[in-house]
Amino acid sequence: MASFGKLDKDLHLQVYENVEELSDSLAEHVAQLSASAVKDRGAFTVVLSGGSLIKTLGKLCEPPYLQTVDWGNWHVFWVDERVVKKDHPDSNYKLAYDGFLSKVPIPSEKVYAINDTLSAQGAAEDYEFGLKQLVKTGILAMADTNDYPRFDLLLMGMGPDGHCASLFPNHPLVHVKEKWVASITDSPKPPPERITFTLPVIQAAANIFFVANGEGKAEMVAKVFGEELPFGQLPSQSARPTNGKLIWFADKGAASKL
Ligand SMILES: O=C(O)[C@H](O)[C@@H](O)[C@H](O)[C@H](O)COP(=O)(O)O
């Protein structure tokens, strides 16, 4: 697994006065990546998380982005999903639909939710199969140097324990390399059954934007930018592109222990 050394704050961290300013900047960065991906490849493959991230995407649903972003070429995925029905309150799809996707004109066939009739393992295998079909049709790119897909953008949140996606500190899932999408049935954060991208898929991304808001995240943000820990011990630190760009968007509270 690639070792990167200590994360450089000057290169990878942007601190904002408040969530409002953070959301403005996030929207602008996402819109710019969308424009360049659509120009280069005719598609923008963007991956969402659950949690508080969705709220911070709100500015994209407003002018000017509502009109200027080429929503018709977006392809939307989930870095992790809870294995529940799509209309269940725990569903990351539902969270994203209610807070973001229902407000922008992305064609519904380009929104790739999990199959909510399957078991965790079945849903993970099915999602990976679906990704492989999108590679065949040229919508999803592959990394140049390995056999993992290369998404244009991963939008990630971090839990107060340092987890990201459904990759929890020191859980055996952090070492899975042979799959793109894995299942977990003992998630420490409820609900227990989930599917998640594996770390090598996350590391193959062209861009990762992490969003951290509030003092509750401060200790972990400081750890992420502190000493380099063994791979998988702090998934939010290990989750960085091997050949891509990483930006942490933090408000003052989340950056207060740096
Ligand atoms: O399904 C999930 O649980 C999420 O995808 C999860 O990985 C989330 O991104 C983090 O837990 C951060 O969530 P908060 O930003 O709400 O703390």
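This report walks through a predicted model, from its ligand shell to its strands.

## Around the ligand

The ligand is surrounded by 14 residues. The closest are Gly 50, Gly 51, Ser 52, Gly 157 and Gly 159. Sorted by class, the shell holds 7 polar, 4 nonpolar and 3 charged residues.

## Strand S2

Strand S2 spans residues 44-48. It is mostly covered, and 5 of its 5 residues are buried. Both of its faces are covered. On one side sit Phe 44, Val 46 and Leu 48.

S2 pairs with strand S3, residues 74-78, in the parallel sense. That pairing runs over 5 bridges. S2 also pairs in the parallel sense with strand S7, residues 153-157, here over 2 bridges. Val 47 takes part in both pairings: it stands opposite Phe 77 in S3, and its bridge partner in S7 is Leu 154.

## Leu 60 in its loop

Where does Leu 60 sit? Its place is in the loop between helix H3 (53-56) and helix H4 (65-68).

Is Leu 60 buried or exposed? Leu 60 counts as buried because 20 other C-beta atoms lie within 10 Å, and the cut-off for buried is 20 or more.

Which residues does Leu 60 touch, leaving aside those up to four places away in sequence? They are Ala 27, Val 30, Tyr 65, Val 69 and Val 104. Leu 60 and Ser 23 are 37 residues apart in sequence. In space, they are 8.8 Å apart, C-alpha to C-alpha.

## A sheet of 3 strands

Another part of the model is an open sheet of 3 strands. Their order is S4-S9-S8, and the pairing is antiparallel. The edge strands are S4 (80-82) and S8 (181-184), and each pairs on one side only. On average, neighbouring strands of this sheet are turned by 15° against each other, direction ignored.

Glu 81 stands opposite Ile 195 in S9.

## A helix across the strands

Helix H6 is made up of residues 120-136. It lies across S8 and S9. H6 runs at about 170° to S8.

Technical notes
Residues are numbered from 1 along each chain as its sequence is written. This is a predicted model: local features need pLDDT of at least 70, side-chain atom pairs count only at pLDDT 80 or more; totals for chains, interfaces and linings use all residues. A residue is near a molecule or strand if its C-beta atom, placed from the backbone, lies within 6 Å of it. Ala, Val, Leu, Ile, Met, Phe, Trp, Tyr, Cys and Pro count as nonpolar, Asp, Glu, Lys and Arg as charged, and the others, Gly among them, as polar. Helices (H or I, at least four residues) and strands (E, at least two) are DSSP runs, numbered from the N terminus. A residue is buried if 20 or more other C-beta atoms lie within 10 Å of its own, exposed if 12 or fewer, and partly exposed in between; C-beta atoms are placed from the backbone. Two residues are in contact if their C-beta atoms, placed from the backbone, lie within 7 Å. Two strands pair if DSSP finds at least two bridges between them. Axes are lines fitted to C-alpha atoms, for helices over the stretch in contact, and angles run from 0 to 180 degrees between N-to-C directions.
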